[in-house]
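Please read the following briefing alongside the sequence and the coordinates.

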Amino acid sequence: MEGFLQALAAGLLIGAVYGLMCVGLGLIFGVMRVINFAHGDFMMLGMYTAFYLFTAAGVQAVFGNAVGPFVAILLAGPVLAVFGYFVHRTLISHVSGTRTASLEGEGHYAQLILTLGIALILQNGGLIVFGSVLASIRTPLSSSAWELGLTSDISVFINKARGIDAIVSLVIMTLLSLLITRSRIGKSLRAAADNPTAATYMGIDVDRAHRVAFALGCGITAIAGGLLATNYPFHPFVGLEYVIVMYAGVVLGGMGSIIGAFWGGMTIGLVQQMSTLILPTQLQNAAIFVVFLLIIFFRPQGFFGRVVERT
Amino acid sequence: MLRIEGLSAGYSAKPVLNGVSINVEAGQFVAIVGPNGAGKTTLFKTISGILQPGAGRIMFGDADLLTVPPAQRAHLGIAHVPEGRQVFPSLTVMENLEMGAMTESGRRDWKQNIERIFDWLPVLAERRGQFAGTLSGGQQQMLAIGRGLASSPKLLMLDEPSMGLAPSTADFIFERLIDIRKQSGLTMLLVEQRVAEALESADHGYVLEAGRVVLEGNNETLRADDRVRKAYLGM
């Protein structure tokens, strides 16, 4: 019983961060319908940005070892959003949006090759610049825990860093869903996703909406990456490990559903942690994809996917 | 208000429009009729900037439309109610109307516009919280019209509002459009296959066939024309 609750707690905590990570990608895919293979590598850049902001740019000196990492992680978000904005403007916009709307396949082939190319450049560029030594954002919170006594003899331990990671993820997720559902810019993003042509008739600049979505998606995933880095060491090729999980989360949530991607990521976190109860740790990722296939078998459109694609 | 001169346009090598000239004066209700494939939708898409013309000029007021980016054309006062409705299915009725009001004038007049739209098309008020994708075809058409009106347009362009609707629903939508025009004095440009209804309510009409204007005139001239009577009115 205690083991089950412990795994459940661990799953919920990591699931919240995975959810945030998936939402970054889900936003880009949902609005732009671009398959971004480089998204894991944008996350890797987010991890290193947070790392260097913390260690080299003085965040550690100003905020200390407990609060500092989270300040650095939150700052990495806007940095990567600007980077994503720039990458969209100079590269992605040439093979997506209104420029390719009338082409056969809407430019998907060019998008695949371009984002794969960006991924390779970021990975190998990262190797040159950052080196191959594992890095991590260390905080004393990673090695201490809160004890949650449920009854007199059952208690669950919550790693402090992971607990704060999950809270930060939930706060950002709440702000994002408010932005998407309530604000003018959020509604126009959804309109551009639903029907880019009709959105243009409304006076919405679809390419600009794409740029905003891409920047936002990169920034959000960068923050999720920074949060993961408080517990997991990383290296320039770390993106490959996570990009698969991101896509699984987006598909589980329902292709095109932005909020659904969060629940997809949450499911993956839960399955990953709960599987350790009955399977060896090495099979964690195998368990994820077995459950993934089962869910997709019974609900091919994902949790929140629309059965009918956009017209 | 809208002056189209010698417009040729189409998809890649095949021209769909061939030297089309059309004139819409402020306050007029102009109908463009013609068979399937005559180029009516292509004409609208070119006006809205989704297609680039091969030749010709489009003036809207004093502005040369072809120099205006597509997304900016709505802000000049052109509202396009597209063929097949094209409402935003995952947005609610209210959010769809808000998207119509993305223009500066739409934002400024939002309160009074929404009141008038709900007055003209009460079903939208009843369904305001419902996702547009779950509306019936006729309701979606009304939403598309409401969405166009929400921008406080100078020109409302309607692309086959009767398409795919039951005859009684199509009749109802025509009546609403005529009422809206009477009460608002809005300039309207209508493309239709239901030639009889379109010519009856419009001030001026154009007959488009195979990408060319084959006939134009005011509503009496057109309805009295032998070719129109034989080919379109079944008389």
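Two residues are taken to be in contact, or to touch, if their C-beta atoms, placed from the backbone, lie within 7 Å. This is a predicted model, in which local features need pLDDT of at least 70 and side-chain atom pairs count only at pLDDT 80 or more, while totals for chains, interfaces and linings use all residues. Residues are numbered from 1 along each chain as its sequence is written, and chains are lettered from A and ligands numbered from 1 in the order in which they are written. Helices (H or I, at least four residues) and strands (E, at least two) are DSSP runs, numbered from the N terminus.

**Confidence**

- The predictor assigns the complex an ipTM of 0.93 together with a pTM of 0.90.
- In terms of pLDDT, the predictor's confidence in each residue from 0 to 100, chain A has a mean of 89, with 96% of its residues at 70 or more, and chain B averages 92, with 99% of its residues scoring at least 70.
- Among the elements of chain A, the lowest mean pLDDT, 80, belongs to strand β1 (residues 145-149), and the highest, 95, to helix α8 (residues 206-228).

**Interface between the chains**

- The contact between the chains involves 16 residues of chain A and 19 residues of chain B.
- On the side of chain B that touches chain A, α2 (70-76) and α3 (93-100) of chain B each supply at least two residues.
- That side of chain B comprises 10 nonpolar, 7 polar and 2 charged residues, where Ala, Val, Leu, Ile, Met, Phe, Trp, Tyr, Cys and Pro count as nonpolar, Asp, Glu, Lys and Arg as charged, and the others, Gly among them, as polar.

**Nonpolar core**

- A residue is called buried if 20 or more other C-beta atoms lie within 10 Å of its own, exposed if 12 or fewer do, and partly exposed in between, with C-beta atoms placed from the backbone.
- A nonpolar core is a set of buried Ala, Val, Leu, Ile, Met, Phe, Trp, Tyr and Cys residues joined through C-beta atoms within 7 Å.
- The largest such core holds 169 residues, and those with the most contacts inside it are Val17(A), Leu20(A), Val23(A), Ala50(A), Ala213(A) and Met157(B).
- Helix α1 (residues 2-32) of chain A contributes the largest share of this core, 16 residues.
- Leaving aside residues up to four places away in sequence, Ala213(A) touches Leu27(A), Ile28(A), Val31(A), Met32(A) and Leu189(A).

**Helices of chain A**

- An unreviewed UniProt entry places the feature "transmembrane region" at several spans of chain A, including residues 6-30 and 277-298; such annotations may be inferred rather than shown by experiment.
- Residues 6-30 of chain A are 100% helix and 0% strand, with end C-alpha atoms 34 Å apart, whereas residues 277-298 of chain A are 68% helix and 0% strand, with end C-alpha atoms 25 Å apart.
- The expected span of a helix is 1.5 Å times one less than its number of residues; for the 23 residues of α8(A) this gives 33 Å, which agrees with the 33 Å between its end C-alpha atoms.
- Because 22 of the 23 residues of α8(A) are buried, this helix is largely enclosed by the rest of the structure.
- Helix α9 (residues 238-253) of chain A, with 16 residues, reaches 23 Å from its first C-alpha to its last, close to the 22 Å expected, and 13 of its 16 residues are buried, so α9(A) is largely enclosed by the rest of the structure.

**Selected residues of chain B**

- Arg127(B) sits in the loop between α6 (122-126) and α7 (137-149) of chain B and counts as partly exposed, with 19 C-beta neighbours inside 10 Å.
- Not counting residues up to four places away in sequence, Arg127(B) touches Val93(B), Leu135(B) and Gln139(B).
- Arg85(B), in the loop between β6 (78-81) and α3 of chain B, has a positive phi of about 70° although it is not a glycine, and is buried, with 26 other C-beta atoms within 10 Å.
- Gln86(B) lies in the loop between β6 and α3 of chain B; its phi is positive, near 50°, and Gln86(B) is buried, with 22 other C-beta atoms within 10 Å.
- Gln183(B), in helix α8 (residues 167-184) of chain B, counts as exposed, with 11 C-beta neighbours inside 10 Å.
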